[in-house]
Amino acid sequence: MKTIIAAYSGVLRGTGSGILSALQDLSWLSKTQVEKQLQVISVLQWVLSFLVLGVGCTIILMYILCTDCWLLAAAYLAWLVFDWNTPKKGGRRSQWVRNWAVWRYFRDYFPVRLVKTHNLATHRNYIFGYHPHGIMGLGAFCNFSTEATGVSQKFPGIRPYLATLAGNFRMPILRDYLMSGGIIPVNRDTIDYILSKNGTGNAIVIVVGGAAESLNCMPGKNSVTLKNRKGFVKLALRHGADLVPVYSFGENEVYKQVIFEEGSWGRWVQKKFQKYVGFAPCIFHGRGLFSATSWGLVPYSKPITTVVGEPIAIAKIENPSQKEIDFYHSLYVNSLIKLFDKHKTKFGLDETEVLEVN
């Protein structure tokens, strides 16, 4: 009974430490085993949230509308209408959520590490280009939507906003969960608002390769979809926001994916989804919940090291020409390649490894 009370108290405190202490009282579990299982569970809950939370909550909400508790669902829907534009204005981040203990277990599972190479001035705004996308952008989430790797301590005065599909913010409950971590829709209106009406010290993290890049990610492959991705450069020029290249070593290692060749029916279906829905369905797998040798949705525990490069100073040009966009885009590409080459051997890659820019 004391063990149960201790675990329940830990949940109420929101730290997770009470649960760990209670579980350690069980003689058949070692501290290492308990921590490892908590790490696996913490990662799995995010993966399931990413995949099914939005759809699941929508179905539950519709079901409640058909029951005697319909008033609760109706009240939430009324609130949803009232709060609809909040994501476009920077969302509603919660430092309490960003500091949950579950994210520290999430970090330690891989582990995820954030490497700072240069200071960022708080009187400027920034657009971080995050590469590569991977299957779910796990490194981007852990580093910039939680405090698990100490982003606020490493970049004091900088508020990171991770940009993701706008469709996620039409899903009940999921939208609130995402906003609590500082996640915003990746659309022009939102980015314009944050860079022009939210003061300085803002850093918008855009996974530049997007869904197209996720279709080609696989272990051992270091490639980015960037040659024709110039919209983020245009946004940076319009607002005078400095561009910062970010490369995450190991992002492609945590899942295995079935890669469909160009021209195959599988790739045709993926591209159609990408065009009309905004995301590309991938056939992938990781390890199982209880065994690293079985298949499942839990990613493999491979290190993810996210390196934040040197900011590229950007002049404010309200209506940049294509020539100006191309010039700063080439600067960005070269800066990303240099960042990759400088750090690749530190994180397990050969000196001969080359970053493929598509």
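## Exercises on a predicted model

Phe 50 is partly exposed, with a relative accessible area of 39%. Partly exposed lies between buried (under 20% relative accessible area) and exposed (over 50%), using a 1.4 Å probe and protein chains only. This is a predicted model: local features need pLDDT of at least 70, side-chain atom pairs count only at pLDDT 80 or more, and totals for chains, interfaces and linings use all residues. Residues are numbered from 1 along each chain as its sequence is written, and side-chain values use heavy atoms, leaving out hydrogens and water.

**Exercise 1. Which residues does UniProt list for "transmembrane region", and what is their secondary structure?**

Step 1. The unreviewed UniProt entry lists residues 43–64. Such annotations may be inferred rather than shown by experiment.

Step 2. The span is 100% helix and 0% strand. Its end C-alpha atoms lie 29 Å apart.

**Exercise 2. Work out the strand order of the open sheet and its edges.**

Step 1. Three strands form the sheet in the order 8-9-10, with antiparallel pairing. Two strands pair if DSSP finds at least two bridges between them.

Step 2. Strand 8 (256–257) and strand 10 (295–296) are the edges. Each has a single partner strand, so one side of each has no neighbour in the sheet.

Step 3. Two bridges join strand 8 to strand 9 (residues 284–287). Gln 257 stands opposite Phe 284 in strand 9.

**Exercise 3. Is Thr 225 buried or exposed, and what does it touch?**

Step 1. Thr 225 is in the loop between strand 6 (223–224) and helix 12.

Step 2. Thr 225 is buried, at 18% relative accessible area.

Step 3. Leaving out residues up to four places away in sequence, Thr 225 touches Val 208, Gly 209, Ala 212, Glu 213 and Asn 358. Contact means heavy atoms within 4.5 Å.

How values were computed:
Helix = DSSP H or I, 4+ residues; strand = E, 2+ residues; numbered from the N terminus.
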